[in-house]
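I set out to look up a few local features and to note each one as I went. My entries follow the structure below.

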Amino acid sequence: MASLTLNGIVLRHANYRDNDRILTIFTREQGTVTAAARGCRKCGSALLACSEIFTYGEFVLFEGRGRYTVDACDVRERFYALREDMDRLAAGAYMLSVTEACTPKGQQSEALFDLLYYALSYAAYGKQAPVDVALCFLARCLAILGYTPRLTRCACCGEDLRALPRLGFDPCAGGAVCGACMRPDSIAVSPLSLEAVRRMLLLSNQDMEKVALPERVRTELKAALNAYAEHVLERKLRPADQLRC
Ligand SMILES: [Zn+2]
């Protein structure tokens with residue numbers, strides 16, 4: 001059997017048989033892969049630590065008949081603080097849900113991997129509200145995928161939005177819209193929320209810890225960015241309302 005070594009973060013696990021798990025791992029080198037962790041739920045198993053969500057490590061996988069089996073894992077970080085606080089956990093779980101929705105199997109994305117690593121670090125250990133990290137992650141993730149929403153000019157008519165007091169966000173149109181182009185189901189957003197997204201997209205990953213959103217901006221962006229992401233990714237995400245302000 002061929003073996004390969006991949007740096008990955010566990011996005012999901014599903015128990016099967018008495019002691020095994022199937023892991024969904026987002027890897028830096030090969031995008032999302034699934035691998036069986038045999039015996040990982042046995043007491044004392046060397047694979048126990050690497051079979052939990054959020055775990056980041058160097059996985060050694062065996063490939064046989066088109067399937068991967070985890071042979072060993074050098075765990076680098078478990079982001080354990082995410083499990084000790086409901087707000088941190090909600091933010092971390094939401095980011096894993098977004099990652100799983102946007103990483104088809106075998107599609108490599110080092111930029112997305114690095115973004116997820118930093119975002120989980122700040123959600124686990126940062127001083128700012130975890131929900132702000134999750135929203136920043138979502139905006140930057142969409143940009144990496146080529147789905148940056150329209151933020152400066154109306155997605156319908158092209159009018160400059162920066163001087164307008166009344167704005168909406170229309171996922172189907174591709175982003176923010178002017179008052180004249182708003183539809184009944186457009187999501188209300190303030191100029192401040194659009195400016196917050198513009199700034200979040202300009203940060204480096206290391207600067208994500210500086211993001212601190214006003215309450216109203218958080219509420220607006222939770223609705224607008226999540227609806228937009230579900231539209232472009234064509235997937236339902238883990239409910240964004242579990243992200244607590
Ligand atoms: Zn317009």
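Predicted model: local features only at pLDDT ≥ 70, side-chain atom pairs only at ≥ 80, totals over all residues.

Entry on the zinc site. I looked up the ligands and found that Cys154, Cys157, Cys178 and Cys181 coordinate the zinc ion through their SG atoms, at 2.3 Å. Along the chain, these donors follow the spacing C-x2-C-x20-C-x2-C. Cysteine 157 lies in the loop between helix 3 (130-144) and strand 6 (167-170), while cysteine 178 belongs to strand 7 (residues 175-178), so that this pair, 21 residues apart, links distant parts of the chain. I then checked the geometry: the 4 donor atoms subtend angles of 103 to 116° around the zinc ion, and the arrangement is therefore tetrahedral. For comparison, I noted that the ideal angle for four tetrahedral donors is 109.5 degrees.

Entry on accessibility at the site. Cysteine 178 has a relative accessibility of 2% and therefore counts as buried, whereas cysteine 157, at 47%, is partly exposed.

Entry on glutamate 220. I located glutamate 220 in helix 5 (residues 215-233), and its relative accessibility of 11% makes it buried. Setting aside neighbours within four places in sequence, I found glutamate 220 in contact with Ala188, Val189, Ser190 and Ser193.

Entry on helix 2. I traced helix 2 over residues 110-125 and found that its 16 residues reach 22 Å from first C-alpha to last, close to the expected 22 Å. Its buried residues, including Leu112, Phe113 and Tyr122, pack against strand 1, strand 2, strand 4, helix 1 and helix 3.

How values were computed:
Residues numbered from 1 in each chain as written. Heavy atoms only, no water. Donors = N, O, S within 2.8 Å, 3.2 Å for Na, K, Ca; no water. Tetrahedral: all angles 85-135°; square planar, octahedral: opposite > 155°, others 65-115°. Helix = DSSP H or I, 4+ residues; strand = E, 2+ residues; numbered from the N terminus. Buried < 20%, exposed > 50% of the residue type's maximum accessible area, 1.4 Å probe, protein only. Contact = heavy atoms within 4.5 Å. Expected span 1.5 Å × (residues − 1).
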